[in-house]
Amino acid sequence: MGFVVSIIGIAALFSGCSPKKEVGGFGDAAEKVYVAPGSYDEFYAFMSGGFSGQVSVYGLPSGRLFRVIPVFSVDPEKGYGYSEETKPLLMTSHGFVPWDDAHHPQLSVTDGQSDGRWLFINGNNTPRIARMDLTTFETVETIEIPNSGGNHGSPFLTPNNEYVVASTRFSVPIPQQDVSISSFKENFKGTISFISVDSVSGRMKIAFQILVPGINYDLSRSGKGPSHGWSFFSSYNSEQANTQLEVNASKNDKDFVAAINWKLAEELIAQGKGQDWTASHYHNYMDDADVGQSEVLNSVKVLVAKDHPGLMYYLPTPKSPHGCDIDPSGEYIVAGGKLAALIPVHSFSKFKKAAEASDFEGEFDGIPIVKYESVIAGEVKDPGLGPLHTEFDGQGFGYTSMFLSSEIVKWKIGTWEVVDRIPTYYSIGHLMIPGGDTKQPYGKYVVALNKITKDRYLPTGPELTQSAQLIDITGDKMKLLLDFPTIGEPHYAQALPATMIKDRSVRWYPIAENKNPFAIKAENESRIERDGKTVHVYMSTIRTHFVPDNIEGIKVGDKVYFHVTNLEQDWDVPHGFSVMGATTSELLVMPGQTRTLLWEPKMAGVIPFYCTDFCSALHQEMQGWIRVSS
C-alpha cells in the first residue's frame, strides 16, 4: 500500500509541476470538449440544414457529426427519395418536390419537457411538416399545409404534443385567387395551423386553421404553466406593404406579438363553428409495412379570428420582431425586435388581466391591440444590436442572440439587467441551450448558430463552411469552448441528454416482422416474376452474396423492380445495391429491411450489379450479372 501511495504521490507531483499546454488560451476548453475514444457524448444535438433540406445530428460537447437525416431532400447516401418505398414522402399537391428549406427542428414534449420520441421540422418553400422517429433516425411522415404562403413560423409544439403549430410567413390571397398584388390590404390574409399529433403513433392531421389579418407571422412558441392553452407569434409588416419591405415594412415603431387562445379554438371547433374550406393537401407516411403511402385530403376546418372574440389579441412590440420565446415558468414572453434597441418582455398575467378588462389601444383588422404599458413586464436595456432569439438556462437567466453586433447577451429575469456578453464569429442567427425552450432546461451549454465564418477555417473557394460554436454557461462568465463546421445552414437546433435516446435506438429490423409485400424471409424464397413488361426480382442480400446473382430473361423496354431484402440480423450491417445504367441513386438496405429500385434497361448485353456499402472482407465479391435481350 505504501508503494502505491508513493507512486500516486510522485505522479501527482509531476502532474502539478507540468505546465498545462495552452493553445491560444483554450487549454481548459479542450479538456471540456474532449470525448475519449470509445466514450459517448453527453447530448444529441439536432441541427437543421437550412437550404439543404436535411437534419444533421451532432454530439455535444465534442461537435462530432454522427448522421445526416434526409427530410425534404433526396439523399444518395441512403437512397432516400429514390427507393420506391420512400418516394411517397416527397409528394405534394405540386407533384414530387424533392427539396425544401428546413429551419426549425423541434423535439416532442410531454409535460413541457423533451420526451425523446420524435423530431419535427418545417419545410418553408412548399409548406410542409415532417416527423422523424428517434428510434431509427428516419423520416416517417410528411404533411402539406394548405392556405399557406411560406411555412416559417413552425413547427412549435404545445406542451404535450397536442398540436404542431405552424404560421404562414407570407400572407397571400386565401383561398388563392387572381388579384392585383397592390390589393394586399384588401385581399391578403395569413393562417395559423394547428396539426394534431396522435399520442401513440405520432400520426399528424390538420385539426383546424385560423384565418388572421394579412401581415407576416415569423416565429412562435406555445405557452406552458399558466400560459398553457395559448400560442404566441412574432409578427411584422403591420404596414401591410407589398414592395420594398426593407423600407416600407419598418416604418411603424411597433409591430406585434400575436396571442392565440387555442383552447378556445378547440371549443369553437367542437361547437361546429369551424367552416369547411376546400383545400387539397397531401399526407404521406410510412405504413406498418415500412412502405410510404400518400393520401390526398380535400378540406380543412377554418375559424375566422375576428369573428370570435377572445380568440386572438395583438401585443404591441418594437420593432419588426423576429424571435418569440417563452421562459420556463410560462409567465414571460420575450420578443426580439430586429431593429429595436431593447428587448421587450411581456407578462402573461398582465396580458390576461388587460384582455379581460378590454384595456385596448385600438384594433388591427378586427383584432384587439392590448396597451403596451399594460402588458410589458420589463425591457432589457442596451443589449446590443439586432436582438433575435432567446433561450433560457433554468437558473433565472435569458440568453439572446444579437445579429448585428454578433454576440450573445446574458440577462437576468426579473431585473432585466445585462450581466454578461460574449462575441460570436460571425452574425449569429438562432442560439440553442439544451432544453432551453422547455420547463426545465438542462443548461450547461449555449450553442451559437452562425451565418458567416470568414477567417475561422481553411478557405474553400467563394463559399466557406457554416458553423456552430459551443459556449460554456456554467459560470458567471460565458466561455467559448469550440467551433465546429456544420452542414448547410445551421438555422436552428435542439438538444437533449443522450440517455433519453441511446438505449432505445433500433439496431435491426426483425426479419420475421418484415411486412413489406415484396419482402422475402430466406434465400430460398428469392425468385423472378414477370407480368407483361414488368419484372419483379425478389432478391436477398447477406454477407457476402446476392440471391439471385445471375439473372436472365430480361428484355429491353422492361420495367424491372429489384426488391432487395437484407437478411442480416446484426447491428450496423446494411447492404447496398446498384446496377449499371440505373438513373436513380443506389439502395441502402438496413438489416431486416426491404427496399426497391426501379431499373429500365435501354440496350442488350450483360449488365453487372454490386453492393455499394463495404460489409466484409469479401465485399468486392458481392456482385452479379443481368442478361438483357433485345
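Reader: By class, how many nonpolar, polar and charged residues are in the lining of the largest pocket?

Author: The lining has 16 nonpolar, 4 polar and 10 charged residues. Ala, Val, Leu, Ile, Met, Phe, Trp, Tyr, Cys and Pro count as nonpolar, Asp, Glu, Lys and Arg as charged, and the others, Gly among them, as polar. Please note that this is a predicted model, in which local features need pLDDT of at least 70, side-chain atom pairs count only at pLDDT 80 or more, and totals for linings use all residues. Residues are numbered from 1 along each chain, and side-chain values use heavy atoms, without hydrogens and water.

Reader: Which residues lie nearest the centre of that pocket?

Author: R67, F137, S505, V506 and W571 do, out of 30 lining residues. Strand β3 (65–70) gives the most to this lining, with 3 residues.

Reader: Turning to helix α6, which of its residues are buried?

Author: In α6, residues 348–356, the buried ones are F348, F351, A354 and A355. Buried means under 20% relative accessible area, exposed over 50%, and partly exposed in between, with a 1.4 Å probe and protein chains only.

Reader: Why do they line one face of the helix?

Author: Seen down the axis of α6, they fall within an arc of 125 degrees, so they line one face. The arc is that of the directions from the helix axis to the C-beta atoms.

Reader: What does the face turned away from the buried side carry?

Author: That face of α6 carries the exposed residues K353 and E356. Just after α6, S358 takes a positive phi of about 50 degrees.

How values were computed: 1 Å grid on protein atoms, 1.4 Å probe; cavity = no way out; pocket = protein on both sides within 12 Å on 5 of 7 lines; lining within 4 Å. Helix = DSSP H or I, 4+ residues; strand = E, 2+ residues; numbered from the N terminus.
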